[in-house]
Every structure is written in structure tokens, then in C-alpha cells.
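Visitor: Hi there, I have a few quick questions about this one. Could you start with a single pair of residues and build up from there?

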Amino acid sequence: MTGKDTRHQVLEYLEQITENTDFQSAEKYSAASIAGRLNISRTAASQYLNEAAAAGILVKVNTRPVYFFDRRALERKAYGSIPVQAGMGFQGNYSSLDELEQEVLRAKDDSVFSRMIGSKGSLSYNVEQCKAAITYPKAGLPILLLGETGTGKSYLARMMYEYARQKDIIGPEGQYVSVNCAEYANNAELFLTNLFGYRKGAYTGADKDRKGLIAMSDGGVLFLDEVHCLSSQCQEKLFHFMDKGQYHMVGDNERWYTARTRIVMATTENPEMALLKTLTRRIPLVTRLAALEDRPQQEKKEILYSLLCQEEQRIERQIRIVGGAYHRILEYQFSGNVGEMVNCVRTCSANAYLDSQRHGEEQMTIYMHHLPDYVLKNYVGQSEETEEKSVLTMEELRKELQVQKKIYLFNRDLLRQIRRILREQEDIADLVNISRNRFSQYMDEISFDTNREDSPKDNLYMEIVKQVCQQVGKRRGITFSNQDILNVGRFICDYIQNGSSCGALLREYEGEIAKVQEIFRRQDAAHDKLCTELICEMRNNLGKNLNAVGILDLFIAISTFAVQSESRQTIGIVLAHGYSTASSMAATANDLLGNHIFDGVDMPVNVSSEEIARKIAVYIRQLHGVKDIILMVDFGSLLDIYTKIDGIHDINLGMIGDTSLKLMVMIGEYIRDGMPISKILEAVEDYKFRPECHYIENRKKTMAILSVCATGMGMAERIADLLAQSLPVTTELKMIPYNYGSLSDAGRQSPVFEKYNVLFIIGTSDPGVEGVPYISLDNMIQQHNSDEINGLFSKVLSREELRQFNDNLVKNFSLTNLVGHLTILNPQKVIEFAEKIIRLLQIRTGVPFKNKTKVGLYIHICCMIERLIVDKVCVSYEDVERFEEDKKEFIGIVRECFQEAEKYYGLAIPVSEIAYLYEYIYNG
Ligand SMILES: Nc1ncnc2c1ncn2[C@@H]1O[C@H](COP(=O)(O)OP(=O)(O)OP(=O)(O)O)[C@@H](O)[C@H]1O
């Protein structure tokens, strides 16, 4: 049997057994039991099950042993969707069977309301309020449904009842009793007798006791429609019952009767105007259903589609509809809302049915002329011929509903592309980029989608996403830009509204989703962790889960983030025995500190120290930019674990034993304040319980040169700039201007030495730091003690680089001096010429110039050029003729060296100037 067959067999078997899920005896849902049952290896079963769970096909319960359930089968059981987290950093969906069972019950919740179109969209808030009202112990809370006629108030009231029945909030004896108060508008007496019932003899003809509606709905729901039609007297009696749960039957003012009736009221009127204040005050929940016109276009389409489906079932024939009629119904503003649309569709169907009967046709087509007159009014029609061409089948309408959703389109196209890339083994490195680009397009599309209307809860979701990002950011020491937060917020709102449209993709692209998630995870472990954390937080705060497609999308969204790291250079890791001891200690300490300082590494009790060391090493390796780590362990015996941690370089490790939360908070504060790790350990050794500590210095510190100046930081900064600009190559070497006073006071104790390997200090006067060489700037430029300087630099620069550094230093130093001397020439340009001239002069004369000579020559040459241009004067020389006669060769060299500059500036160097240069070079 091939792997594919076995995999299929495993999934099929699991689907079968999930059909009759019994959470009480869950053993059969474990990998071992499934493997035994199918006679395959446990490893193979476990692999297939885990892969399918990561792809969202199975639901995984992370207990010991781990249990798997087929998601679809569970959903069938629950009549609703079972959320799964899958993919990235996937550990499992549920931490206990209890949790999953709760979720199945919750899914059942939604199933009743899901028949109401918009229950997850524009009506989601109404639905939640209704659930709250009906669930509230002991007899629910009275709720008032507001909305224009036909918006679905009665429909919703009935669903509240069904929901309560399904959830066993209402027992089988609890009835749903509906009263249209409009029928009693002019007959309060009749209403009261019907509502409260009457006793024999209450009035003429009352020959026996009769139960009222309240008694009939005891333990159930009483729906009072058009409640505004009740007289004040009726309203008063009603609110008395709502207050006390007691009433008198008509004709018996002595006895109190009690009933636990859940009251749902509805009105099309403004309750402030139409109801007594005393009544409205007693209604804690009031919710308004939006008019059809105010609902998203997508929902209108869904309603129309479902109404056509209902008619299909009623007449047991396939229905088709011409495009014109379909769009006309959609565009028409039904003042009677959904109710009127229902009537409109029924009228069309009835007319079309009659026609199809007349013509003996199997299929029934709704044409324009089947629409009711009021809908056709003012319509400029199409010809019948054009109509014929635009006949839409129900299948086409269904597809249109699906593809309208941008989130579906985006994911479908992306997954198709991913499938192609994986199949053709194209460069997978492009996957992230392709996904990001497609995601940005999708973001643009939903931002400018005129069809999409904001759900009333969008603002709330946006706010939650913002808070979650900020919280997670704070913990991880990163800042998300507002734009990034906005994008994730938009995605979440769209996902909550339309994410279910991607359900079909889960199965179709199951393999690709799992694979691409794995690739992304490997490529970007940091984002994967961030993503997992954000998903967890969002799940907790929004109360919504993401399926595998949603997780993939969120991962892509996060990978586009311009995360600004507030670089955590020092972190604390706590290592503790127990299932989640370390993580909860870390979380508590971080909470107390208000910063993300500690990470927790949990460690099962029976694991060897080698295994722990390996786990820590893996963990440390994926930390970016961390230079120092304080590793706190719960047992002193673990202190030598560092000897087993392999492959960690460039990190200083401080080990502290016998950790406690108090100690963690103390250390966390030191870390937060930037205290060097060795100092933290010193402080811990003074701590009263004296935990054992070790300091393992292993980090290569960045090399640095400190520049100082007794006159102030300004000069120190200029020196640092001069050196930095003169470096011919980019090195790790840092030039750090430092405060002279603090350096001479604190000496080697200055914190800079903790962080950097200081090569030497350069400046205008020696701060006298023991054991750290000092070089005066003057000496460096004059090249005094050049051997010592060269020796100090040899750690970072090669001989050739050092030579270039020296040349650059002289040039840059000269330039800083020149700036004050030149008035019209651009110093930068002229010094370039001077540099070339000096270099050529050394080569042609064969005389290596000292730095001092070079600085002089730079200044002289640059000033000479400006002087010759501006003032047209030259220096005088005593016996120019003789010099010209004797030094022909030198004059030739100089002319050659100056050729380019002469041409550029349009001048000729007089012999007297050349004679001066000769004196300067040869006779100082
Ligand atoms: N969201 C919806 N999804 C599907 N069908 C709906 C929806 N809302 C209303 N309907 C249908 O529309 C029709 C009218 O709804 P309903 O009678 O509940 O409106 P109403 O607000 O109570 O109207 P009225 O104020 O006139 O009593 C019903 O047939 C109902 O099934």
C-alpha cells in the first residue's frame, strides 16, 4: 500500500469514528489506537494525523496521549463550524477534551442563528444580544427588538427560542407563544384576559377557568409583537409581571400566580414615543435590526439566493432567473424590507410557475415580466431577446456569491500560484514575496471595496487588534507601525465577516497549505513566533479562531510588517521543571516589570540535562541581536548546564541558581536599566539568599576607539568623525566620543569597557585610564610613535588599509583646517586635486613625505590655487632664473603633476611657486 493510500485510510477511519464522538471514552482517537486498529506503524499514523491537523483537516487535542478528531464530522455533529488553529508553530487546537467539547457546544449555538443571513455580519451584534437575553438565568432578560417592518424581528424571536431549546436552556415543556398586540389595540380587556387567563365567573360566559398566554409560556418564550399597540393599562400590568414574575388571573385579585416566562418584545415604532417610560426602564436589552437597504450588498444577494432556493424546494423544480430581473430585485428599495422581498420572490415564482405550466416546461425561468408591478415601475426594460442571453442558474448565483468575497479570491489565487510553484519546483524563495505582493493587493481591494459595508463591530475589532499588537509588541520589545496595525485590523474584520467562504480551500489545498506554512516557518522563525503569539492573543481577546487559511494570511500580513526592534541586547531566560512553570513565571515577571524581559523554557521533569542543554541552545540560537543572557534555573544542580550548551558564540552568559519570582523581578529591573551583566551577578551575590552564580564571558566585544577632549564633547565628536571618515573599509570598529571627565574619574569602571573592547583612547589630553593606551591626535597625524599606533590598529586593518587610513586622515585633517582658509573654491574639490598632486609628487620625486609635510602641502597647494585664481599673485623667489636653470627636472615633474588642476582652474603655476614647493619638500 502506498503512503498516500495509508494516509487516506487513516483519515477515513478517523472520520468514521468521529461521527459518533464520545468525549468520555476518547482512547480510540489516539495515534496508537488508530495505528493498532489499522495495523500500521504508529509513527506513520502519527505523522499523517499531525500533518492533517496542521492543515486544519483534523482537530488536535494536546493532551497525553494526543487525540485527533475529524473536523468535518465534528461540524456535522455540531451543525456549525469548529474553529481550528493550524500551521505555523502548530501545537494543537485544544488543550483538553473539555475545551473541545465546549467548542462543539458553542458551534451548536451558532448553528441556529446561522440560518439568519447576516448573523455573522450586519446582524452579529443583534444576535449576540439575543443570546445574552435568552441565556441569562433564571428567566432570561426581557429584550426589545426594534426595526422597520420586515427586518426579521419575529424571525429572530423564534430563533432565540430554538437556540434556547437546543442548548437546553428551555426544556421540552417550554412553549413558544407569539402574540400580535396590534390585534388588541382597541381591546385592552381582551388582551388582559388572554394574557393572564381568567377564573370561572370572571365575566359573563366565563364558565370555567382558562389559562392565559403567560401560563402557557411558563418555562418558554412569550413574544409580544407590535408591543407599542398595547394600551397604558396593559403595559402597566405587563411591567408588573416583568418586575415580580407574578400576576393575578382576571377575576381573581387575591391569588398570585408565578411564571418563568422569557419575554421578547418587538416594535416598528420609536420606543421613547410609543411605550411607557416605566416599561422601557424595565427592558435591559434593546437592539435595532438594520433596514435591508442598510445591509451589505453581499447579504442582500445571499438573502435573494436563499429565497430562490426556498421556492425551488417548495415547487420542486429548478429555477433560473434572467440577469435583469435578478438585478432589479437586488436594486429595488423594499420599504417592507426582507419581508417584502420574500413576497416579491414568491410573486415572481408564482407567475413564472404558471407560465412554465402553460408551456409544459420542466425548468422554470423568472423573466422581467414576472416581477410585481411595483418593482417594475420606472424600469427601462431590456428586450426579451437580450434577456434570454442572460439567464442565470442557481449554480451560477451560488458561485457568484462565493467569488464575490475578496478574501476567497485572494486566497484561491494565491494557493493556485503556490501549487504551481511547488509542483514545478520553482524557486521557493519567491514564495514569501509573491504572497506579500498578493496580500498588499488584497488589502487595497478591501480598502476600496464599495460593495463591502462595515459591520457594526468593525470598530471594536480594530480596537482589539490594536491593543493586542501593542501588548505583544511591548512584551517582545517591538513597535508596530500604525499602518501595519490597520492592515491586520482590516484583515481580521474581513476574515470574521467573510472568512468562512475560504472553507472549501482548506480541503482542496490542504497539502499546499501545510507545505507553505512549513517553508515560511523555516524561512522566518522570528515571524512565526510573533504570528503564533498574535494569533493566541487575538483568539483570547476576540473570541474568534482562525482556520489554516486565516493563519497563513495572518502570517503573510505580519511578514509585511516594518517591525522596529527596540533591540533587546540583554534578556533573561528562566528554566524550570514542570509543564508550564517556566512560562508562567516568565509571564508573571514580565507583567510585573511591564516589559518583555524574560522568556520561559519549560522542562519536563524526566528529561536529561543534555536534552535540556540542547533545547536551550536551539532557543538561544534563534534570538536575534541578543548579546547577554541571564539564565536563571530552578535548581542549583542545573548551574553547570552551560558546559553542555554547544554552538553558542558571542554571548555572555550569567547563570543564576535557585531562582524565585522575587529574584527575577529584581534582575529584570537591572536588565531593564541596562546594567552590565557582570555587575548584575555581583549584585545578586550580595542578595540575602546568596544564590549560586556563574559568569561565562564568551562574547567578542565590538572593538572601539574612544575620542576625548578636555574642552568638551564637541571636539571629541569631531575627532571621532575624522577617524571614522578616514577608515578605508567598513569594519566593526566603532569610534566613540566619550566624556573626558567621567572617563578620567571612573577609569576602567566606565560602562563603555563592559560593552566594547577599547583599542585605545585618542584625544587632545590623556584621561589616564590604566591599562588603556592613549594616543594624542597630534602624534597620530605627525606619525610619532607610528609603530605603536600601527600595532594597535593591526587588529582591525591590514597594512595596506592602514596606509590608506593614514593618507585619508591627513587629507581629512587638512580639509578641516582648509575650510577656514578658502573663500571661493570648494574645499572638497580642490583637496581632491591636491591629494592627487601630492601622491604623484611622491612617486615622481621618489621622496616619501611625512604626514607633517603632507598636511603643509595640502594647505599650501589649495591656498596657492585660490590665490592664483583670485588675486593673481605669486610668491617671490630670489633667483628664479638660476632655479629654472638648475632644477629643470623638478620643474618638469611639478608641471606634470599640476597639469590636470591647471587645466581645470585655467591657470599656470609660475616658476617662483615651483621653487617654493621645492624648498618646502627638500628643505622643510
Ligand atoms: N436575515 C434574514 N435571513 C433570512 N430570512 C429573513 C431574514 N430576515 C427576515 N427574513 C424573512 O423575512 C420575513 C419577514 O421577517 P419577519 O416577519 O421576522 O419581520 P418583522 O421585522 O417581524 O416584520 P414585522 O415588523 O412586519 O412583523 C420572514 O419570512 C423571514 O423569514
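Guide: Happy to! Take L145: its bridge partner in β11 is T287. Before going further, this is a predicted model, where local features need pLDDT of at least 70, side-chain atom pairs count only at pLDDT 80 or more, and totals for chains, interfaces and linings use all residues. Residues are numbered from 1 along each chain as its sequence is written.

Visitor: And in what sense do β3 and β11 pair?

Guide: In the parallel sense, over 4 bridges, with β11 covering residues 285-288. Strands here are DSSP runs of E with at least two residues, helices are runs of H or I with at least four, and both are numbered from the N terminus. Two strands pair if DSSP finds at least two bridges between them.

Visitor: Which strand order does that open sheet have?

Guide: The order is β4-β7-β10-β3-β11, 5 strands with parallel pairing. At the edges sit β4 (176-180) and β11, each pairing on one side only. On average, neighbouring strands of this sheet are turned by 15° against each other, direction ignored. Axes are lines fitted to C-alpha atoms, for helices over the stretch in contact, and angles run from 0 to 180 degrees between N-to-C directions.

Visitor: Which strands does α6 lie across?

Guide: Helix α6 (residues 124-135) lies across β3, β10 and β11, and runs at about 155° to β11. Contact here means that the C-beta atoms of two residues, placed from the backbone, lie within 7 Å.

Visitor: Switching topic: which residues come nearest the ligand?

Guide: T149, G152, S154, Y155 and G339 do, out of 17 residues around the ligand. A residue counts as near if its C-beta atom, placed from the backbone, lies within 6 Å of the molecule or strand in question. Two helices, α7 (153-166) and α15 (337-358), each supply at least two residues of that shell.

Visitor: And the shell by class?

Guide: It has 6 nonpolar, 9 polar and 2 charged residues. Ala, Val, Leu, Ile, Met, Phe, Trp, Tyr, Cys and Pro count as nonpolar, Asp, Glu, Lys and Arg as charged, and the others, Gly among them, as polar.

Visitor: Now helix packing. At what angle do α21 and α22 pack?

Guide: About 135°, with the axes of α21 (residues 458-476) and α22 (residues 482-498) 9 Å apart. α21 and α22 are therefore oblique to each other. Angles under 35 degrees count as roughly parallel, over 145 as roughly antiparallel, 65 to 115 as roughly perpendicular and the rest as oblique. The crossing of α21 and α22 is right-handed. That term applies if the near helix is turned clockwise from the far one by less than a right angle, and left-handed if anticlockwise.

Visitor: Who makes the contact?

Guide: From α21 come D458, Y461, M462, V465, K466 and C469, and from α22 come I485, V488, G489, I492, C493 and I496. By class, this contact of α21 with α22 has 9 nonpolar, 1 polar and 2 charged residues.

Visitor: And where do the axes of α31 and α36 come, and how do they cross?

Guide: The axes of α31 (residues 713-726) and α36 (residues 799-818) come within 8 Å and cross at roughly 135°. Their crossing is right-handed. L722, Q725 and S726 of α31 make the contact with F805, N808, L809, N812, F813 and T816 of α36. In this contact of α31 with α36 there are 4 nonpolar, 5 polar and no charged residues.
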